[in-house]
Structure formats: structure tokens, C-alpha cells
Amino acid sequence: MLNRIGAWAVALAVGLVYGAAGSVGQASALWGLPIGLVLSVVGAAALVFALRALTHDRWAALASGLGMMIATWVLSLTSEGGSKLFVASHEVTVNIWMVAVPLVTALVVAWPDLRRIRGQARR
């Protein structure tokens, strides 16, 4: 059980780091195309999916998703100096980022365990 809790803590920490990177990078654009948003969402989905696939643990995937959500929430707050990371000029990409991470996390965590389904079908 201690190993699983450690894995959850590491997954949360990785999610916090990637959530911060994705929150900063989602506003990047190249020739008007939201390249940063696409890379951030694809990376977030890949992280959650990889943790679920490698650990076979829904809770590790959920921990990484929660880490990304917490980092995004903290970085969305206005600092004491009045500066904000998310500005109105990037409102669409910010909203997509804030919806995509919980949605992807929910889909990956809720996806059924196909190993069990295949095992029951063989019997």
C-alpha cells in the first residue's frame, strides 16, 4: 500500500509540473494557429493515459489530472501585484485548456479496464 501512495504522490507532482507548463504554453501561437494549446492538451492526455496504461491504476491517472487542475487553478489567480497569467486576449484558448484537462482526465479514469473484460470473455 505504501508503494501505491508513493506512486500517487509522484503522479500528483508530475501533474503539477505539467499543469504549470501547459498553463504557460497554451497561449503560444504560430502564424495565428494555437500550437501551444494543441501541444498542451495532447501532452496532458498522453500523460494521464500513460500513467493509466503503465500503472494499471485509475488513482495514479486521477492524481496526475488533479495535479494539472490544481496548477492551472493556482496560476489563474491574480497575484498580489495585480498581474495575471491568463489574460483576456487569450480567453478562448484558456477556456479550452481549463475544460480539456478535466475532460480528458475523466475519460481516461472512467474508461473500463479491458484486461478484466477480456479475461471474463475467455472463461
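**Figure 1. Overview of the predicted chain.** Buried residues (under 20% relative accessible area, 1.4 Å probe, protein chains only) make up 30% of the 123 residues. The model is predicted, so local features need pLDDT of at least 70 and side-chain atom pairs count only at pLDDT 80 or more, while totals for chains, interfaces and linings use all residues. Residues are numbered from 1 along each chain as its sequence is written, and side-chain values use heavy atoms, without hydrogens and water. The chain has five helices and zero strands (DSSP runs: H or I of at least four residues, E of at least two, numbered from the N terminus).

**Figure 2. Packing of helix α3 (residues 58-76) against helix α4 (residues 91-110).** Their axes lie 9 Å apart at an angle of about 170 degrees (lines fitted to C-alpha atoms over the stretch in contact; angles from 0 to 180 degrees between N-to-C directions). The two helices are therefore roughly antiparallel (over 145 degrees). On the α3 side, R58, A61, L62, G65, M68, M69, T72 and S76 make the contact (heavy atoms within 4.5 Å). From α4 come W97, M98, V101, P102, T105, V108, V109 and A110.

**Figure 3. Helix α4 and its cover.** The 20 residues of α4 reach 29 Å from first to last C-alpha, close to the expected 28 Å (1.5 Å times one less than the number of residues). Buried in α4 are T93, V94, W97, A100, V101, V104, T105, V108 and V109. Their cover includes α1 (2-25), α2 (35-55) and α3.

Conventions. Parallel < 35°, antiparallel > 145°, perpendicular 65-115°, else oblique. Buried < 20%, exposed > 50% of the residue type's maximum accessible area, 1.4 Å probe, protein only.
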